[in-house]
Amino acid sequence: MGCDACPCWLHFKKSSAAANEGLQRQTDTPYKTSCIDEVKRGTESMIDVRVPISVGELARRCGVTIATVHFYEAKGLIHGQRSAGNQRRYGRDTLRRIAIIKIAKRAGIPLAAIKAALDELPTGRPLTSKDWAYLSTGWRDMLTERILSLTRLRDQLDGCIGCGCLSMEDCPLRNPGDHLSLQGQGAVLLEQGNCAAD
């Protein structure tokens, strides 16, 4: 049975008031961090791009299978190295190389042509926009020729292509006596882009 006049109760009230005052001061005072603390926190969250990545991480980041990564390396399209634990490791510049390989393959560029073009560029650094301009310029000519070839094929599907079979009704008109065989092998008219015999 205590009362406000009890010494123990008065001591408790004073202690509680002091604690509450101290807590209020801590709440009102904003927590300040030094620039060094901020830099340390930022550094911890950053990725060291100099550290090579594993084949699994490379495959995951590029959206391909591990077998595809090994296949590209076997073909000389990318290059890796062995770690101290005898595991394959790849520089981060390989991420961009595989991205370009995927784009070129989607456009129908043969792997041999992709490798020949990549071999002309320096290794050990990410490919730049200037490098991409160089690659795409060379591949653009190849794609243009392929488009023209496909267009000729589309337009000649129902006509003579100069193969020398002489089995179609208009072959005697467009390739009489198979004279186109003197100009080359295969579908001469189609490959030359010439729809009419000389």
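Analyst: What follows describes the pocket and then the elements around it. The model is predicted, and the values here are computed from it.

The largest pocket holds about 160 Å³ of space. Its lining consists of Ile78, His79, Gly80, Gln81, Arg89, Tyr90, Gly91, Asp93, Thr94, Arg97, Thr123 and Gly124. Two elements give two or more residues each to this lining: strand E3 (88-90) and helix H5 (93-106). H5 contributes the most, with three residues. Sorted by class, the lining has seven polar, three charged and two nonpolar residues.

Consider H5 next. The helix has 14 residues, and at 1.5 Å a residue it should span 20 Å; its end C-alpha atoms lie 21 Å apart, so the two values agree. The buried residues of H5 are Asp93, Thr94, Leu95, Arg97, Ile98, Ile100, Ile101 and Ala104. Just after the helix, Gly108 has a positive phi of about 90 degrees.

The other element, E3, belongs to an open sheet of three strands in the order E1-E3-E2, with antiparallel pairing. Strands E1 (53-54) and E2 (81-82) are the edge strands, each pairing on one side only. In general, the strands of a sheet pair through backbone hydrogen bonds. E2 and E3 run antiparallel and are joined by two bridges. Across this pair, Arg82 stands opposite Arg88 in E3.

Terms used:
Residues are numbered from 1 along each chain as its sequence is written. This is a predicted model: local features need pLDDT of at least 70, side-chain atom pairs count only at pLDDT 80 or more; totals for chains, interfaces and linings use all residues. Side-chain values use heavy atoms; hydrogens and water are left out. On a 1 Å grid over the protein atoms alone, a cavity is a set of points where a 1.4 Å probe fits but cannot get out, and a pocket is an open set with protein on both sides within 12 Å along at least five of seven lines; lining residues have an atom within 4 Å of a point. Grid points are joined across faces, edges and corners, and a volume is the space filled by probe spheres set on the points. Helices (H or I, at least four residues) and strands (E, at least two) are DSSP runs, numbered from the N terminus. Ala, Val, Leu, Ile, Met, Phe, Trp, Tyr, Cys and Pro count as nonpolar, Asp, Glu, Lys and Arg as charged, and the others, Gly among them, as polar. Two strands pair if DSSP finds at least two bridges between them. The expected span of a helix is 1.5 Å times one less than its number of residues. Buried means under 20% relative accessible area, exposed over 50%, partly exposed in between (1.4 Å probe, protein chains only).
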